[in-house]
Amino acid sequence: MTFRAIPKAELHTHLEGCAPPSFIKGLAAEKKIDISKIFAPDGGYAFRDFDHFLQVYEAACTTLQNPEDFRRLTMAVLEETASHGVVYMETFVSPDFCGGGDLSAWRDYLAAMEDAALEAEEKLGITLKGIVTGIRHFGPDASKPAARCAAETKGSFITGYGMAGGEMVGRPGDYAYSFDMAREAGLRLTCHAGEWGGPDMVADTIRDLGVERIGHGISAADDPALMAEIAEKEIVLEVCPGSNVVLKAVGGWASHPIAKLRDAGVKVTVSTDDPPFFHTTMTAEYDMLHKTFGWDVDDFTALNNTALAAAFCDDKTRARVA
Ligand code: ADE
Ligand code: ZN
């Protein structure tokens, strides 16, 4: 059974994390950068655990050095993603990997990404929106230039602000300054939480950062009162089951809490996070949800409707891609 052809919306990807190993190897060869140790003998990315994954991810990012690299990356990612029926995609983009938080450099990188996104929209029928992201383990001060880049470039492409990276560094409230700056600029807000942290991390993220979506959020399933609160507030979870399985945030597909969250009335969506790192695609995610929980076309239609309703885009875009 394959669900490749179903039109899909995915809200949670990281642009650099979507880079195929062959793409990064090509850039490394062009620039004579030796990052051979981040690859496994089968050619894929090699990492032992989440912290090592972040190191490998950042090593791969050292090959992405100028706007043209990001233009090519954006196009390559959209070609692959569109081939799985994805018609609407949101991706985290980080000023830290695009000029180190310098606003003028960031504008150049962004122009290149947006250029590729518009070309892909015309040629492939896939719409891309960008969510500027701070990197949590770089610390609260480093997230401020990222938030400023976000606030200054809010527009038809950059529509949101979020935070990724090592979740156990600091508490959500330490990053409130950046989220407040983004909110005041009119950006929509999401934040990774509850991938590694417990329900308290999810609750603090909602309370202290005022987000309308949570990246992952799976530990909320351990707290019935929190699930009820999330359902009541209609906060949407960007669940990435294949990522959680490979990074061992859960024991396996059978024990993944996505069905429990959905049954508790929580609005769940499904995304791939960093697909080549986790050997996944949106088609593979749907196939595994079908195999594990018996979810079928009607369930996937509901997931996509939830994702589109929660998408960080305007109603005109929503209506066009629906
Ligand atoms: N950056 C890329 N993938 C991530 C993940 N799964 N969690 C936190 N930060 C990330
Ligand atoms: Zn993520």
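Please keep in mind that the model is predicted. Strand β2 (residues 86-93) pairs with β1 and also with β3, and Ile-135 belongs to β3.

**Around ligand 1**
- The shell around ligand 1 is made up of His-14, Gly-17, Tyr-57, Ala-164, Gly-165, His-192, Glu-195, Ser-243, Asp-273 and Asp-274.
- By residue class, this shell around ligand 1 holds 5 polar, 3 charged and 2 nonpolar residues.

**The paired strands**
- Strand β1 (residues 8-14) runs parallel to β2, and 5 bridges join the two.
- Within this pairing, Ala-9 sits opposite Tyr-88 of β2.
- On to β3: its pairing with β2 is also parallel and spans 6 bridges.
- Here Phe-92 has Ile-131 of β3 as its bridge partner.
- Strand β2 is largely enclosed by the rest of the structure, because 8 of its 8 residues are buried.

**A look at Ile-135**
- You will find Ile-135 in strand β3, which covers residues 127-135.
- Ile-135 counts as buried because it has 21 C-beta neighbours inside 10 Å, and the cut-off for that label is 20 or more.
- Leaving aside residues up to four places away in sequence, Ile-135 touches Ser-94, Asp-96, Ala-142, Ala-164 and Gly-165.
- Among these contacts of Ile-135 are Ala-164 and Gly-165, and both of those residues are also listed around ligand 1.
- Arg-148 lies 13 residues from Ile-135 along the chain, and their C-alpha atoms are 14 Å apart.

Note on methods:
Residues numbered from 1 in each chain as written. Chains lettered and ligands numbered in written order. Predicted model: local features only at pLDDT ≥ 70, side-chain atom pairs only at ≥ 80, totals over all residues. Near = placed C-beta within 6 Å. Nonpolar A, V, L, I, M, F, W, Y, C, P; charged D, E, K, R; others polar. Helix = DSSP H or I, 4+ residues; strand = E, 2+ residues; numbered from the N terminus. Buried ≥ 20, exposed ≤ 12 C-beta atoms within 10 Å, placed from the backbone. Contact = placed C-beta atoms within 7 Å. Pairing = 2+ DSSP bridges.
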